[in-house]
Amino acid sequence: MPTDPHPGSDGYQMPDAHEGQMPASGQHGPADEPIPEPETDVDPASGMPRAVVPPAGPGVSEAETLQPPVRRRCATTEVDARLAATVPEYAAARTLIERHAAAFLLTEMATERAGITLIPVVVHVVHNTAAQNVSREQIDSQLEVLNRDFRRTNPDADNTPAPFLPLAGDARIRFQLATVDPQGNPTDGITRTHTSQPAFSSNDAMKFTAQGGHDAWPANRYLNIWVCQLSGGLLGYAQFPGGPAATDGVVILHSGFGTTGTAAAPFNLGRTTTHEIGHWLNLRHIWGDVIGCTGSDNVDDTPQHKEPNYGVPTYPHLSCTSTPPGDMFMNYMDYVDDAAMVMFSAGQVARMRACLDGPRNGFGTVEESATGHQGSGPVASWEANRLDVFVTGTTRGLHHKYFDGTEWQPSLTSFDFQGGICTSVPQVVSWEENRLDVFVTGTDSALYHKWFDGSAWGPAPTEFENLGGIIVGDPKAVSWGPNRLDVFVIGTDRALYHKWWDGHSWGPSTTGYERQGGVILGQPEAVSWGSNRLDVFVIGTDRALYHKWWDGHSWGPSLDGYERLGGVCISDARAVSWGENRLDVFVIGTDSALYHKWWDGNAWGPSVTGFERLGGVCVGSIEAVSWTGNRLDVFVIGTDSALYHKWWDGNSWGPSVTGFERLGGVCTSPARAVAWGPDRLDVFVTGTNGALFHKWWDGHAWGPSVTGFETLGGVITDF
């Protein structure tokens, strides 16, 4: 393998061409003004410090009592006490819920849920002024924070002190705005209510239309979030599971919601909603809601706290012990500022899982393989009934079309022009709803990037960000979580190179790469089966399959080493993951047949260097997708240029171990497939006239017919 001619502090720098086709851009925003702190006292009912808000009167206006808080105050414990005193069945329900949680944690009654728990969210915006009517952008920013915080993919996770790093947990929960309302109609998951009330308190009035708010949607199907103006220095509150359905959900002060719009420092990072949803999932405050060192949050791995912490403490902060690690003040369930909150503990995650197994078991799961963790290709889907397709045209510019659930845009046979002069097949990934990241190589062989953020294309509709390098062939991209991207390319020395986006910046630098060794034939394949996990497959000069992996801490078997998995392969590898710790890899052998091997969490099957023969005489590349656990669909092109299909249904290969279903066509490109939901497949190829063609499986039959295709137009150079 070639030696590194230019080692540097940020990894091997692939040589850059001086001029790119597409420049990048950026912008900065204003700083926040400081706000003075109020005095505090202690609430006798809960033992919690609370802000003292002077009554409106001479010298003090009502507006001053509604200023954004500068110290966290949550009313969940007060609401809990009120319900216990006024709703007879509440105390009994809470007792049963705590018994279930204890039994779940003690006996592991229910094993870890397969896949990711999906929580449909409805945001009820209750506003008295135009400013309080928070924008869709502000709502989206809050969902983005939740999906990072509950998956442990928040960029500030690195701020976790070393002694607490082994305790930090991934709750495996994803939040998305509801797409169907209680009556079965399409919705954007947002209600908007103008109210005559200047502000609300913790008495739940915002949860009832008759009291100036908005009635809850069914609490067993939706997480209700009310966003409104709160008085008394209150940032928000939640209702623990077990309370009345009509008031179930969380309430957030509009200036403590999301990261943009009215969000005001020091609660402008969306962590108030993370905190309150923690309560909704049965987490208590980390100090146990008792001042002193005798309270308990019913979680074993959170240290004893004497009282809530405020502001941004310095680690270590000691309250109930005289030696470190001391308080876990950076926990989402403390009272620190948003900037200081970075983690749930593994014990808290287990308690939330117990809640999802018990009182909130109406919320289902989605398979992790359906969350955008597969390797990139020119087709992507970021939600049900949504498709995005990218091609290069006759002038090698990038072109795009999409299906919005009703029809193809910009029309059935036309494409949007997105600029550039591309020398590779476009590669697209999506790390969350309404997000796309596209990678191509330019005429200077450098890597270029553009993205759709839900509102607009960046850095501009026809521009690209230059990410450097001199690349051979196509890039490969994968995302293992929100705001995370990993890109793998082959350099001119045929070694593997890697770069990544961590939510803030490109690593090891904007135009730099990490060299990962090898002498590689063809192109890399990358896949992820979980948060902070990557698996990369390449073909070596002996045409054997090789593998390397990132386990969250280091590359295995080493930074520039590979595990040899055998075979004599005449195609690039295609890998897919249908669940945690599961990998399926497909290659074409020297007899042009399809071959398969798999990792089951313990060992490679059928052996470390062996493969299962799946038959066929295959031409070109393989496509493989999964739409649910233990389901695989594989597409190849036959010697007659027709499309062929086989599938694994959890028990056997269909139509047989070595047989294929013929799907027709005369194809001039590899098949490109995507699955946007259970029992749904969409497959694309190019035809002899250079146009794009499409067929689909709807759960019952192939459309437009078994061997027919829908024409989507264009004259395509690369797909």
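Guide: Let's start with disulfides: a disulfide is a pair of cysteine sulfur atoms within 2.5 Å. Here Cys-293 and Cys-320 form one, with their sulfur atoms 2.0 Å apart. Before we go on, this is a predicted model, where local features need pLDDT of at least 70, side-chain atom pairs count only at pLDDT 80 or more, and totals for chains, interfaces and linings use all residues. Residues are numbered from 1 along each chain as its sequence is written, and side-chain values use heavy atoms, with hydrogens and water left out.

Visitor: How many disulfides does that rule give?

Guide: The count comes to one disulfide.

Visitor: Is the disulfide of Cys-293 and Cys-320 left-handed or right-handed, and why?

Guide: The torsion about its S-S bond is about -95 degrees, so the disulfide is left-handed. Both Cys-293 and Cys-320 lie in the loop between α4 (271–280) and α5 (346–357), so the pair ties together parts that are 27 residues apart in sequence.

Visitor: What do helix labels like those rest on?

Guide: Helices (H or I, at least four residues) and strands (E, at least two) are DSSP runs, numbered from the N terminus. This chain has five helices and 44 strands.

Visitor: Which cysteines are buried, and which are partly exposed?

Guide: Buried means under 20% relative accessible area, exposed over 50%, and partly exposed in between (1.4 Å probe, protein chains only). Cys-293 has 35% relative accessibility, so it counts as partly exposed, and Cys-320, at 25%, counts as partly exposed too. Cys-74 is at 0% and counts as buried; Cys-422 is buried as well, also with 0%. Across the chain, buried residues make up 56% of the 719 residues.

Visitor: What about contacts in the chain?

Guide: Contact means heavy atoms within 4.5 Å. Take the contacts with a separation of 6 or more: residues 24 or more positions apart account for 58% of them.

Visitor: Which residues lie nearest the centre of the second largest cavity?

Guide: On a 1 Å grid over the protein atoms alone, a cavity is a set of points where a 1.4 Å probe fits but cannot get out, and lining residues have an atom within 4 Å of a point. Ten residues line the second largest cavity, and Leu-66, Gln-67, Pro-69, Leu-230 and Leu-253 lie nearest its centre.

Terms used: On a 1 Å grid over the protein atoms alone, a cavity is a set of points where a 1.4 Å probe fits but cannot get out, and a pocket is an open set with protein on both sides within 12 Å along at least five of seven lines; lining residues have an atom within 4 Å of a point.
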